Amino acid sequence: MPQPDRLPGTPDFRIKLPQDGAEARGYLLTQFGGNGTNKFLLREGSLVTAEEWPGLGPHARRSRAKLRADGVLVDAPSDPGRPRGGPARWLVAHDIACNSSSAAAALVCGYDASGPESWRTDEGHPLSDYLSTGWRPPHKAWLVRGSNVSGHNLVRQLWLKEGFVSLAGAHLPPLEESDPTKSALRRFVEEGYEGAASYHQKQGLVDELHAFLTQMRVGDTVATYDEDRLYLGRITGDAVQTTSPGGLSNLRRKVTWRTDGHAYDELPGELRQKLSVQHDVVDLTGVLDALDGLDGETAGTDEAEVAETLERPAPKALTLPEISETLADELLVHDRTWLEELRELLFDERQLVFYGPPGTGKTYLAMKLAEYFGGGPEQVKIVQFHPSYAYEDFFEGFRPVEDPETREVAFRLTAGPLRELADLASREGNRHVPHFLIIDEINRANLAKVFGELYFLLEYRDRSVRLTYSGDDFPLPPNLFVIGTMNTADRSIALVDAAMRRRFAFVELSPRTEPTSGLLGRWLEREGRDAEPARLLDALNSRIGDADFAIGPSYLMKPGVYRDGGLERTWRTKILPLLEEHHYGEGIDVAARYGLDSLRERPA
């Protein structure tokens, strides 16, 4: 039987199995399988797992059983270097031509796996880098920067005048492929830019060249930026390689430009976020609707596409619902203008903190407002800060994770609550829906340590920053709101650094001011109860000299308080211990000064 043809220019790939370091090896073939991708040859001598996991599809199970029955998969000989009691392995007795790289990965691993990502070169590059481009959306959008290419403004000097867009590629050899793979471009960049660029620069150049030469298509929208104006156009030609002075523009695509441009300050916030990403080529497909909305149509749009644009519903605007009488009544806030001010403050600032002594309902109010403005609890996530809380817990970091298939534990990049909520809020279809992150006890953590580079994004929602771990360019979506709560008896507000105070609006909830001061009285009236607890609480707070240690009404808004002996029990076990701590070391008889009997005798 003739040997299948290896796909030219591709290396060997391998999968390392867990626990004992066993590996399987193979390579891509020129022939295509039934799913339209290249077949894959699993090489003789490879080791595969004998165990089959629940995620393995029926076709893969039948294939493994037949190969086992035919003697192609045999028991692997014992290896002195392998640990005792390790997983059972089979040996590939002779080469196996698999229908695809994913079929080969499933055969090796015993569960359905993505071949393009599972198979890696010895240097760690995925097999996907060696495959030609698959399906992509029929219409994409791109930002290409050209206002400062080695000190030259190509946008003004060439692009708009001569009708093209370009990339510099002075050190690239002649490109014979029309759609070169990322692996081919990596090889060209490694060879051509050796000594002329750092490792990180070469990595970025490969990504940009691949986007420009392979991902872009005729008909795509292209944007560029110059002197605070955004210019839009439509790509009308394939990529060509030519000569240019200094090699500054020797990779080109023809473009029909609209020359009127748009002022930066007038652009939608989501578009300004994308423009802040610091790459020469940026995929703008996620904000294509915003780009189309700038002109109503884009350069070179044909009639069918114009019709499609006109039929597409306009994106909904981000708003916060008006304060209703029902909400004000539920929260027992008799002054609706106070709630309206909170709504305006949230919409303008995006971040606020409720601060005050314990029992003033800070967390309760934050949750109720978040659920009301967001439309339900699904758009609300709650976290509580504490002294050991860190950036890796809050946003993203490497954490030990058990593989559900192999039961092996490895460190994987894992999203924290803020990243999860931001990703949810930024999904298409969600961008007009308010999402809320509630941070309880926000002042109990080292805030600079927890927020890291996100401090910048809290103030500049129209920008993005490069993340510490993933390296992604990340913006905080404009529909993500943050509400913090801060107990002033736990730590003084003065200990919150100036950077934090500048980024958050601070709203006090104090038993001495409305709406908190009269809250207990209104609640007792609604519940049909005697007003004595409200009078006692007012008398207590009038005797406490420090406003940060005043006692909030929520201690006395629980059903247990109003059972037999409940008020005395709550006072003895909840309220007096707080005041004991406040007066610790002062020699004050707290029970005599703040006890119920004393307050009833002399209420003020």
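## A buried lysine

Lysine 140 is buried, with 9% relative accessible area. In this predicted model, the residue is found in the loop that runs between α3 (115-118) and β8 (141-144). The side chain of lysine 140 is joined to that of aspartate 283 by a polar contact of 2.9 Å.

Leaving aside residues up to four places away in sequence, lysine 140 touches Gln215, Asp220, Thr221, Asp283 and Thr285.

## The chain as a whole

The protein chain has 604 residues, of which 46% count as buried. Its secondary structure comprises 22 helices and 24 strands. Among contacts with a separation of 6 or more, 65% are between residues 24 or more positions apart.

Average pLDDT for the protein chain is 85, and 90% of the residues score at least 70. Residues 297-313 are a stretch where pLDDT stays under 50. For this stretch the model has 19 contacts beyond four places in sequence.

## Leucine 107 in helix α2

Helix α2 covers residues 101-109 and includes leucine 107. Is leucine 107 buried or exposed? Its relative accessible area is 6%, so leucine 107 is buried, the cut-off being under 20%.

Leucine 107 touches Leu42, Val48, Arg64, Leu67, Leu73, Ile96 and Cys98, with residues up to four places away in sequence not counted. One of these is Leu42, which is 65 residues from leucine 107 along the chain. The C-alpha atoms of leucine 107 and leucine 42 are separated by 9.4 Å.

## Threonine 360 and its loop

Threonine 360 is placed in the loop between β16 (351-356) and α12 (362-374). With a relative accessibility of 5%, threonine 360 counts as buried. Two partners are listed for its side chain: the backbone oxygen of proline 357, reached at 2.9 Å, and the side chain of lysine 362, with which there is a polar contact of 3.3 Å.

Further along the sequence, threonine 360 touches Leu509, Ser510, Pro511, Thr516, Gly552, Pro553 and Ser554, again not counting residues up to four places away.

## Helices α18 and α19

Helix α18 spans residues 519-527, and its buried residues are Leu519, Leu520, Arg522, Trp523 and Leu524. These buried residues pack against α19 (532-543). Just after α18 comes glycine 528, which takes a positive phi of about 70°.

How are the two helices oriented relative to each other? The packing angle of α18 and α19 is about 170°, and their axes are 8 Å apart. An angle over 145 degrees counts as roughly antiparallel, and α18 and α19 are therefore roughly antiparallel to each other.

Which residues of α18 and α19 meet? On the α18 side they are Leu520, Gly521 and Leu524, and on the α19 side Pro533, Ala534 and Leu537. The residues of this contact divide into 5 nonpolar, 1 polar and no charged. In general, residues three or four places apart in an α-helix point the same way, because the helix has 3.6 residues a turn.

Conventions
Residues numbered from 1 in each chain as written. Predicted model: local features only at pLDDT ≥ 70, side-chain atom pairs only at ≥ 80, totals over all residues. Heavy atoms only, no water. pLDDT = per-residue confidence, 0-100. Contact = heavy atoms within 4.5 Å. Buried < 20%, exposed > 50% of the residue type's maximum accessible area, 1.4 Å probe, protein only. Helix = DSSP H or I, 4+ residues; strand = E, 2+ residues; numbered from the N terminus. Axes fitted to C-alpha atoms, helices over the stretch in contact; angles between N-to-C directions. Parallel < 35°, antiparallel > 145°, perpendicular 65-115°, else oblique. Nonpolar A, V, L, I, M, F, W, Y, C, P; charged D, E, K, R; others polar. Polar contact = N/O pair within 3.5 Å; in protein donor to acceptor, adjacent residues only side chain to side chain.
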